[in-house]
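Here are my notes on your model, in numbered points. Please keep the viewer open and follow along as you read.

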Amino acid sequence: MPIETVDAVVIGMGPGGEDVATRLATAGLAVVGVEGRLVGGECPYYACVPTKMMVRAAETLAETARVGELAGSAQAQPDWRPVAARIRDEATDNWDDTVAVERFEKAGGRFVRGWGRISAPGEVTVTTADGPRVFRAGRAIVLNPGTAPAVPPIEGLADTPYWTNREAVTTTAVPESLIVLGGGPVGMEFAQIFSRFGADVTVVVRHRILPKEEPEAADLLAEVLAREGISIRSGVDTRRIEHDGDRFTVHLDEGEPLHARQVLVATGRRTDLAALGIGAVGLDESARDIEVDEHLRAADGVWAIGDITGRGAFTHMSMYQARIAAADILGDTSESARYHAVPRVTFTDPEVGAVGMTEAQARDAGLTVRTAVTDLAASTRGWIHKTGNAGVIKLVEDADRGVLVGATSVGPQGGEVLSALAVAVHAEVPTETLRRMIYAYPTFHRAIEAALDALA
């Protein structure tokens, strides 16, 4: 089999992979981008972009329901058809990546549709519809395979027509009832979206919702969801799932079985490192993640970015790492990756934004921790906002250094308010300096000032 020699091969053209491949191609390198699914990855087709269109539609319905308390009267009839049409036409081009492929090729890259794996040091074999192709990467192999929905080994589940996020995004109708397995950001967003469009929703979680976030944030969101009619069964395991051709039956380890028209599995993400052939360069194929250094180097001539590095399955993380990896490949080592101020947002209503460490993580790290929590609803802007104003600001300080190491912003536009806190954590701005700032009035972010006062 002939071997084609190029400068770089990028396996996986999600947001980060596409970005690093484009940067290298623009710099004049001969770059091959390999993707077996859609160029752009999960984000523009099944995650960030279409789901936020769904969130926007659902929050519009919620705002209509609040008119009676604030501005008169209004009625809204939920209709999923414009939502589905917008996702198909505006977000995904009917799940067609032609535009993305052409964009990469115009930047000077070469695209190969298929599944790539490292077959030897410096060598990538791509399985395509027309047979295998082999590339010798003289300068770099970049791994960015992303992740797929993780489906737990629940008895009977595999034999049912369950949904993951992909089926939920592509649906053209809202089920009359829905059971969501999993209480992370994906499960919580979909639960609220479909509930606001008329579905009877139950969430089943092993421990609590948003397990990686502050308990104050999770408790507040649980209260809001309960008021909206969403049932949360926490602290239970799913033992068996059945489907009779019409309805699902979900058997738990305690209590009566649950019944619904649809089940959505939102229990995390997975990747198959063995399929990448990383053993050929001395890496552990049975590991959960690929360990990389501060320049995203995984092995000699191999870089890894995105979900598989274990630093958070976020588009912004993949893009951040792509920039650093591309620079390193091109000989610029001036920037090193730092992960002390990673921001994240769950786009529920209220939004849950967080950055850096939680209180528990800070204590586990051995820091001298000081915290403060303020009620956003009790702030002036929260009082003005009235209905739909639930929220909190939580600050986590390293008291020895006098800097914030973590923060949480829950509330209307919680992800936007988070930006000020993200800067503070990233730049390690002294909390005393933050106290001396002027905070615009009356804004939601002014609640940060109250939290700083409580911290003192």
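1. **Salt bridges.** A salt bridge here is a side-chain nitrogen of Lys or Arg within 4 Å of a carboxyl oxygen of Asp or Glu. By that rule, the structure holds 37 salt bridges. One of them joins the side chains of Arg166 and Glu42, at 3.0 Å from N to O. This pair links distant parts of the chain, with Arg166 in helix H6 (residues 165-170) and Glu42 in helix H2 (residues 42-46), 124 residues apart. Helices (H or I, at least four residues) and strands (E, at least two) are DSSP runs, numbered from the N terminus. Both Arg166 and Glu42 are buried; buried means under 20% relative accessible area, exposed over 50%, and partly exposed in between (1.4 Å probe, protein chains only).

2. **What you are looking at.** This is a predicted model, in which local features need pLDDT of at least 70 and side-chain atom pairs count only at pLDDT 80 or more, while totals for chains, interfaces and linings use all residues. Residues are numbered from 1 along each chain as its sequence is written, and side-chain values use heavy atoms, with hydrogens and water left out.

3. **Domains and records.** The domain assignment (automatic or from a database) gives domain 1 (3-45 + 90-147 + 271-330), domain 2 (165-267) and domain 3 (343-454). UniProt, in an unreviewed entry, lists residues 7-322 as "domain: FAD/NAD(P)-binding". That span is 31% helix and 26% strand, and its end C-alpha atoms lie 17 Å apart. The UniProt annotation "domain: Pyridine nucleotide-disulphide oxidoreductase dimerisation", also from an unreviewed entry, covers residues 342-450. Over residues 342-450 the chain is 32% helix and 30% strand, with the end C-alpha atoms 23 Å apart. Please bear in mind that UniProt positions are given in the numbering used here, feature names are shortened, and annotations may be inferred rather than shown by experiment.

4. **Where domain 1 meets domain 2.** How far apart do the C-alpha centres of domain 1 and domain 2 lie? The distance is 34 Å. Five residues of domain 1 are in contact with four residues of domain 2, where contact means heavy atoms within 4.5 Å. Together the two domains bury about 360 Å², 40% of it on carbon and sulfur atoms. Buried area is the accessible area (1.4 Å probe) that two parts lose on being put together, summed over both. In domain 1, Arg37, Glu42 and Trp95 lose the most area to domain 2, together 84% of what that side buries. The rule finds one salt bridge across this interface.

5. Phi is positive in both: near 50° for Asp93 and near 60° for Asn94. Most residues other than glycine have a negative phi, and most peptide bonds are trans. Asp93 is partly exposed at 41%, whereas Asn94 is exposed at 51%. Asp97 forms a salt bridge with Arg113, with the closest N and O atoms 2.8 Å apart. Asp97 lies in the loop between H4 and H5 and Arg113 in strand S3 (residues 110-113), so the pair ties together parts that are 16 residues apart in sequence.

6. **Two cis peptide bonds.** The bond from Asp349 to Pro350 is cis, with omega near 10°; Pro350 sits in the loop between strand S18 (343-346) and strand S19 (351-356). The bond from Tyr441 to Pro442 is cis as well, with omega near -10°. Pro442 is in the loop between helix H13 (431-435) and helix H14 (447-455). Asp349 also belongs to a network of salt bridges with Glu63, Arg66, Arg196 and Glu228.

7. **Inside the protein.** The largest nonpolar core has 69 residues, and those with the most contacts inside it are Val31, Met54 and Phe194. Such a core is a set of buried Ala, Val, Leu, Ile, Met, Phe, Trp, Tyr and Cys residues joined through side-chain atoms within 4.5 Å.
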